[in-house]
Amino acid sequence: MMALFLRDLKLSVRAGGGALIGVLFFTTVVAVIPFGVGPDLNLLSRIGPAIVWIGALLASLLGLDRLFQAEREDGSLDILLMQETPLVLTVLVKCLAHWTATGLPLVLASPMLGLFMNMNEVAIGAVMLTLLVGSPAITFIGAAGAAVAVTLPRGGLLVSILILPLTVPVLIFGVSAAYAAVEDPAPFFPPFAILCAITLFFAVIGPAAAAIALKNSSE
Amino acid sequence: MSHAFYVNLSYVFAGLITAIMIGWILLDGRARRQEMAELEAAGIRRRSASPAKDAEA
Amino acid sequence: MRLKAENLSVRRGDDLLFSNISFELARGEALIVTGRNGSGKSTLLRTVAGLIHPEGGRAYLLSDGRESEAKVPEASHYLGHRNAMKVELTVRENLDFWKTWLGDFEGGKGLGIEDAADAVGLSGITHLPFGYLSAGQQRRFAMARLLVSHRPIWLLDEPTAALDASADQLFSGFVEAHLKSGGMVIAATHQPLGLAETRELRMKGFDYLAGEHAA
Amino acid sequence: MSEPIPAIKKFSDLANPTVFLGLTARIVPYLAVLTALLFVWGLYLSFTTEGDYQQGETVRIMYVHVPAAWLSMMCYSIMAASALGTLVWRHPLADVSAKAAAPLGAGFTLLALITGSLWGKPMWGTWWVWDARLTSVFVLFLMYLGLMALQRAMDDPSRSARVSAVLILIGFVNIPIIKFSVEWWNTLHQPASIMRMGGSAIDPEFLRPLLVMAAAFTLLFFTLHFLAIRNEIWRRRVSAQRRLAARMANREG
């Protein structure tokens with residue numbers, strides 16, 4: 001399992017700077033918002049957590065369609081499927097490697113973008129924490145979508161469209177937890193706990209669905 | 001927070017970023033050197049294995 | 001140990017691609033699957049490998065006359081049209097990954113990476129990225145995957161397609177050695193593999209005679 | 001790698017990577033020592049001079065912020081010159097130079113942004129504002145990252161060279177915008193005070209450490225750039241030799 005994790009990590013580092021492109025996309029998406037809404041610092045700090053979250057959500061969808069497609073194209077998928085190792089576990093490890101290579105850099109880049117959105121220190125910390133907890137959920141759902149679309153020749157866009165509605169709960173609770181940390185009346189913990197629960201839930205459901213889809217994908 | 005804090009922090013960041021750049025360049029150079037040594041080793045072995053063929057080429 | 005397939009049928013769309021194929025292989029035996037394009041050679045191999053769910057029938061392992069716990073896919077190497085190697089990684093990283101990932105099936109031990117590279121006649125370039133190699137070299141390292149981890153059954157789909165004559169011979173040597181050490185081979189091919197004693201299963205498309213040549 | 005250094009006989013020999021590597025091996029040690037000495041002097045000066053009566057201690061941030069900002073633009077100019085070299089003269093080292101400079105430029109731009117933020121917080125009360133100067137420097141940072149991603153995405157250097165050269169030249173529009181943004185638009189950022197018509201407006205008390213630090217950073221950049229070019233030349237040699245090794249293995253096998 002460790003071998004698979006390390007291999008996937010190596011691949012995403014070598015193949016054209018995957019993490020760099022994700023972070024760049026994230027930064028650019030967030031950076032165009034002030035041009036759209038105007039450089040009003042109060043407004044920016046109010047919408048900041050939501051913008052950073054949406055940016056991270058979109059950026060983490062970027063490389064997902066390649067998760068299994070690349071394996072399929074060179075035939076590795078067949079051999080991975082033939083092993084008795086539970087396929088769910090294989091998918092889970094692939095998801096974790098993908099998240100480490102692309103999701104974690106987004107989390108690390110988020111404080112800088114928080115500053116650009118004129119958020120205060122507490123809000124930045126909250127966004128970073130919620131992203132750290134919530135972004136794996138996006139990868140897990142994405143794995144299911146990627147597995148469904150693995151046989152399609154142009155699955156890339158379809159994966160994003162399939163997944164985006166499913167990530168809405170993650171977005172809702174991630175953003176509301178981040179806001180709760182800043183605005184006094186709302187408590188931070190309940191939405192954060194729900195976010196954790198969603199991630200754990202998808203950590204089970206996503207790989208399981210992906211495994212079923214992959215099992216039935218080969219023709 | 002005192003102004004000294006910001007001043008020191010900015011120098012710390014300056015040190016950090018230059019250290020990362022220097023470290024990356026040195027490590028990158030070392031990795032390339034090692035790759036060239038590896039190729040050199042492979043090349044020498046190939047030459048000694050079939051000297052005639054290499055002389056033609 | 002024996003490999004047994006009973007009444008395999010596979011449906012594609014509305015048609016049956018083939019039906020009721022049965023065969024049995026003992027240690028040291030090879031089965032060559034021949035037939036024109038589209039007759040379902042590849043599909044048969046993928047079915048045995050567990051990658052396609054058959055419409056009917058099944059393949060299983062027999063040990064000591066009883067059905068073994070081990071499944072056919074775990075006991076098999078599958079060498080398809082594609083090499084299952086990452087072009088971004090070096091040959092050694094690729095083979096190393098497959099060696100640790102696949103492990104060894106009981107009753108044998110795979111070669112080391114360098115020994116396997118030596119066996120395919122390409123020692124000394126395992127530090128190169130896989131993508132730098134020519135198609136023929138890539139195919140040879142794909143064969144090396146069969147050597148680094150032990151599997152009693154080899155499922156080979158057009159194994160010699162991208163190979164020149166000398167590599168062809170090399171590969172026949174591997175297959176023969178594998179058979180001698182008690183392995184089993186099922187190969188789909190147009191060209192003869194140059195094996196001395198083999199049985200043949202001729203796929204004729206839908207109007208074939210079920211398992212006529214198979215034991 | 002201690003390769004014999006061929007004598008430079010013709011001007012065109014400078015284009016020869018081997019000559020360049022020899023030159024680098026000879027020059028870089030001196031450059032590195034000089035850089036270190038300048039940094040020692042500059043750091044000593046910047047921590048011993050008086051604080052500004054308006055800005056207090058924070059003026060010391062200037063001694064890193066201004067050199068970093070200066071380098072972020074100089075680095076891009078060097079890349080633009082290299083891009084011209086690639087497109088017009090097809091100089092073999094030009095693309096190597098541009099590729100080696102991009103990560104350095106990104107690093108110094110990031111440093112300028114960070115130190116600017118750290119200066120802005122106590123002075124303006126905010127880490128960041130979307131004004132012309134800051135935004136255009138941020139765009140510069142994004143361009144560096146984009147160029148790095150582009151250069152990395154393409155495997156074949158000869159193909160990526162011209163594409164990224166074109167992109168670099170298009171992006172050069174941003175440099176005058178950065179330079180003059182403080183004069184064209186009203187911004188929070190203070191206008192340039194060292195290089196402007198009618199002499200420097202800065203107190204010599206601050207000018208000396210600033211100039212020493214600027215020199216130190218500039219030399220640091222050149223040292224690193226030389227080394228990065230060397231690494232890139234080596235990387236391409238390794239890649240070429242690997243292809244050769246693959247071909248030779250085939251012939252023998």
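**Chatting through the model**

Me: Hey, how many residues does the contact take from chain A and from chain D?

Reply: It takes 14 residues from chain A and 14 residues from chain D. Two residues are in contact if their C-beta atoms, placed from the backbone, lie within 7 Å.

Me: What should I know about the model and its numbering?

Reply: The model is predicted: local features need pLDDT of at least 70 and side-chain atom pairs count only at pLDDT 80 or more, while totals for chains, interfaces and linings use all residues. Residues are numbered from 1 along each chain as its sequence is written, and chains are lettered from A and ligands numbered from 1 in the order in which they are written.

Me: How many residues of chain D are in contact with chain B?

Reply: 31 residues of chain D, which meet 25 residues of chain B. On the chain D side, α3 (92-124) and α7 (204-252) each give two or more residues, and α7(D) gives the most, with 15 residues. The residues of that side divide into 17 nonpolar, 6 polar and 8 charged.

Me: Switching to the fold of chain A: how many helices and strands?

Reply: Chain A has 10 helices and 0 strands. 52% of its 219 residues count as buried; a residue is buried if 20 or more other C-beta atoms lie within 10 Å of its own, exposed if 12 or fewer, and partly exposed in between, with C-beta atoms placed from the backbone.

Me: What's the strand order in the open sheet of chain C?

Reply: The order is β2-β1-β4-β5, with antiparallel pairing. Two strands pair if DSSP finds at least two bridges between them. At the edges are β2 (15-26) and β5 (66-67), each pairing on one side only.

Me: Which helix packs on the sheet?

Reply: Helix α1 (residues 41-48) of chain C, touching β1 (2-12), β2 and β4. The direction of α1 makes about 125 degrees with that of β1(C); axes are lines fitted to C-alpha atoms, for helices over the stretch in contact, and angles run from 0 to 180 degrees between N-to-C directions.

Me: And how many bridges join β6(C) to β7?

Reply: There are 4 bridges between β6(C) and β7 (residues 153-157), which run parallel. C:Y78 has C:L155 as its bridge partner.

Me: Last one: what is the mean pLDDT of chain C?

Reply: It is 81, and 91% of the residues of chain C reach 70 or more; pLDDT is the predictor's confidence in each residue, from 0 to 100. Over residues 207-215 of chain C the pLDDT is below 50. For the complex, the predictor gives an ipTM of 0.77 and a pTM of 0.82.

Key. Ala, Val, Leu, Ile, Met, Phe, Trp, Tyr, Cys and Pro count as nonpolar, Asp, Glu, Lys and Arg as charged, and the others, Gly among them, as polar.
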